[in-house]
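I opened this notebook to record what I looked up in the model, item by item. The entries follow the order in which I went through the structure.

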There are 2 protein chains.
Amino acid sequence: MLKVIVIGSGNVGSHLVNMFDNSSQIDLVQWYSRSQITHKKIEVINNINFLKEADIYILCVSDNAIKGLSNKLNFKNKLVVHTSGSTPFQDICKKNKRGVFYPLQTFSKIKELDYTKIPICIESENKEDLELLKNLCEKINCKYYEINFEQRKTLHLAAVISNNFTNYLFGLSKEIILDKNLDFEILKPLINETVDKIHKLDPIESQTGPARRNDQNIIEMQVNMLENQEHRNLYKIISQMIKNKYDN
Amino acid sequence: MLKVIVIGSGNVGSHLVNMFDNSSQIDLVQWYSRSQITHKKIEVINNINFLKEADIYILCVSDNAIKGLSNKLNFKNKLVVHTSGSTPFQDICKKNKRGVFYPLQTFSKIKELDYTKIPICIESENKEDLELLKNLCEKINCKYYEINFEQRKTLHLAAVISNNFTNYLFGLSKEIILDKNLDFEILKPLINETVDKIHKLDPIESQTGPARRNDQNIIEMQVNMLENQEHRNLYKIISQMIKNKYDN
């Protein structure tokens, strides 16, 4: 059994605890959380000095807490990894062996996930620890990728654009629709198809819409429909970028 | 049997022909196309003067072709509808009865679709014709919504933002990833989850990411990673909009 301890109880920490708890091949020894939480099966502690022995310690804390927290760990020469997309493993205090276990997914506490569909980006200071991380991924049936810091930062950037920014646009569409007392449900089949398409067609080749076909009448009409100046500006900029890209 | 004629063989026209052809309750009388195409079952014509008798004529042509083409129809008092999101039915020549049959979906010729998941926005000049359009939607098992011109324009605008613009961002993410010799497949589970989430959580409430939590270090780092000035600008603008919205 691979012994794992999860440190942190934010969105990532909470989902990792579920993920490891679901695996019969992982011994989730403890869960450290600053806040008062309980778990039906796992020992939860809120004093960092009471951490037990484990094979892998996973820091699920905000980027700027990695350094300080890893300094406070009162053991050495163990494998300590963080889960950040944009932090080098060198931020972890060097008294321990260091690595990264970065799940490339968006986590919300109240939303269930199919854990086997999460790609894990792994990296380690020492070669033998990489085997330990691969082993951990296999035990939870996740695909893993050996990814260095530069690559990981690139993936994180692409994740922000394709997840955070698109979600913002979905929210903006919803606002526009609710504003006119229409039902957001009408738009959902289109949003589903938008994503379904990327599995079958290249998004760059399959671009459609007024900007793609340089339909200036529709572009102007839609800009004028937007009441918020920021929204107008965004609409114009993205339309212009699409027009430039496809060189109408 | 409801007799239908489809006019136009672009993305929308081609999919409507499939849709009607799949229904045993619709008699797809003819398909008009300017370009040389054939169909195993349907009579295809390329001379507009040879259109036969039907209950509904559906114009699947570009917005600015609706007026001219509807003028050329050599019959009157029949129901003629267009499929445009941003054109009033009044653009159709008034010698015929007029309406709209706007499928709120993105169509690519080579991508199959689940036709029963397409919401159809219908509108008609005369009340009795609305029944005919409802009947048509029912025969192809599509949900329909009675939508006036102002509402339809709003839906079209929201569709451009949540489909065309997000697809552009997916394409941009792909470019960024390929540029560093990484595999776009790594990002697909995240993109799937981005959309899966909108069915369970409000996109406005579930916004995450560096801009949402006002993580200026990551924002600056990611801006600097973008080599293209247009991309930098877009990243900054959307991040600022998210920051403003959530008032960090």
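**Entry 1: how the two copies are related**

I superposed the copies and found that chain B can be laid on chain A with an RMSD of 0.0 Å by a turn of 180° and a shift of 0.0 Å along the axis. That is the relation of a two-fold axis. I note here that the model is a predicted one. I then looked for the residue of chain B that comes closest to the rotation axis, and this is Thr166(B), whose C-alpha is at 2.6 Å.

**Entry 2: the domains of chain A**

Where they meet, nine residues of domain 1 of chain A are in contact with six residues of domain 2 of chain A. On the domain 1 side of this contact, the elements that give two or more residues are β6 (97-103) and β7 (120-124) of chain A. By class, that side has five nonpolar, three polar and one charged residues.

**Entry 3: helix α7 of chain A**

I tested the length of α7 (residues 229-246) of chain A: at 1.5 Å a residue its 18 residues should span 26 Å, and its end C-alpha atoms are 26 Å apart, which agrees. Which residues of α7(A) are buried? I found Leu234(A), Tyr235(A), Ile238(A), Ser239(A) and Ile242(A). An α-helix has 3.6 residues a turn, so residues three or four places apart point the same way. The buried residues of α7(A) pack against α6 (216-225) of chain A together with α4 and α7 of chain B. On the face turned away from the buried side, α7(A) carries the exposed residues Gln229(A) and Asn244(A). After the helix comes Asp247(A), whose phi is positive, near 50°.

I looked up Asn74(A), which sits in the loop between α2 (66-72) and β5 (79-82) of chain A. Is Asn74(A) buried or exposed? With 9 other C-beta atoms within 10 Å, Asn74(A) is exposed, the cut-off for exposed being 12 or fewer. From Asn74(A) to Ile42(A) I read 32 residues in sequence and 21 Å in space, C-alpha to C-alpha.

Asn214(A) has a positive phi of about 55° although it is not a glycine, and its place is the loop between α5 (188-198) and α6 of chain A. I count Asn214(A) as partly exposed, with 14 other C-beta atoms within 10 Å. In chain B, Asn214(B) lies in the loop between α5 and α6, and its phi is positive, about 55°, although it is not a glycine. Asn214(B) is partly exposed, with 14 other C-beta atoms within 10 Å.

Notes:
Residues numbered from 1 in each chain as written. Chains lettered and ligands numbered in written order. Predicted model: local features only at pLDDT ≥ 70, side-chain atom pairs only at ≥ 80, totals over all residues. Least-squares fit on C-alpha atoms with pLDDT ≥ 70 in both. Contact = placed C-beta atoms within 7 Å. Helix = DSSP H or I, 4+ residues; strand = E, 2+ residues; numbered from the N terminus. Nonpolar A, V, L, I, M, F, W, Y, C, P; charged D, E, K, R; others polar. Expected span 1.5 Å × (residues − 1). Buried ≥ 20, exposed ≤ 12 C-beta atoms within 10 Å, placed from the backbone.
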